[in-house]
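Subject: Structure for you

Hello,

Here is the structure I promised to pass on. My notes follow below it.

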Amino acid sequence: MFNWFKKANKKEGFKKYYKFAPVLSMSVEDSVKNEITSGKTVDTLEGTQKIKKGDVICKGVDGELWTMSKKRLEDKFDGPGDCLCGKDWKMWTPKKEKTVVLAEKQTEKGKIKTFEYKKGDYILKDVDNEDDVWVIDGKIFNKTYKKYD
């Protein structure tokens, strides 16, 4: 069992969820042109994230930013589609079966890998890659994920 998994609180346990909210994406080049990123890093809710070759910039329901590989975006979402959400942004709709995650609501603050979380945040794990772990603010999680039936 992975070390991070042991550290997560176990009161509620990890449950299956899927992403239902669309995300917006923009090329790194356009993000520099629009003064959203430097082209090398992006400021996320969890801190500064390095932009890697092949990444795009994603934007969530509360305007939060993060990077994702273009390949992963295309695998997990349908799109791109146009949106009335600002210059150069494209909308992507989640593929239910491809966005399934294991998630657990946290009952106290803590740290997992390089991510710090607070009470009410969720720790998520990709069901296809147990090393792929991240944290989502509890309010944002509730706006973007539903229990998987």
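Three bridges tie strand 7 to strand 8 (residues 90-94), and the two run antiparallel. Strands here are DSSP runs of E with at least two residues, numbered from the N terminus. Two strands count as paired if DSSP finds at least two bridges between them. Within strand 8, Met91 is the bridge partner of Gly81.

Before you read on: this is a predicted model, where local features need pLDDT of at least 70, side-chain atom pairs count only at pLDDT 80 or more, and totals for chains, interfaces and linings use all residues. Residues are numbered from 1 along each chain as its sequence is written, and side-chain values use heavy atoms, with hydrogens and water left out.

Axes are lines fitted to C-alpha atoms, and angles run from 0 to 180 degrees between N-to-C directions.

There is also an open sheet of five strands in the order 13-12-9-1-14. Its pairing is antiparallel. The edges are strand 13 (129-136) and strand 14 (145-147); each has a single partner strand, so one side of each is left without a neighbour in the sheet. Neighbouring strands of this sheet are turned by 40° against each other on average, ignoring direction.

Where does strand 14 attach? Three bridges join strand 14 to strand 1 (residues 15-19), running antiparallel. Lys146 in strand 14 sits opposite Tyr18.

Best wishes

Definitions and conventions
Helix = DSSP H or I, 4+ residues; strand = E, 2+ residues; numbered from the N terminus.
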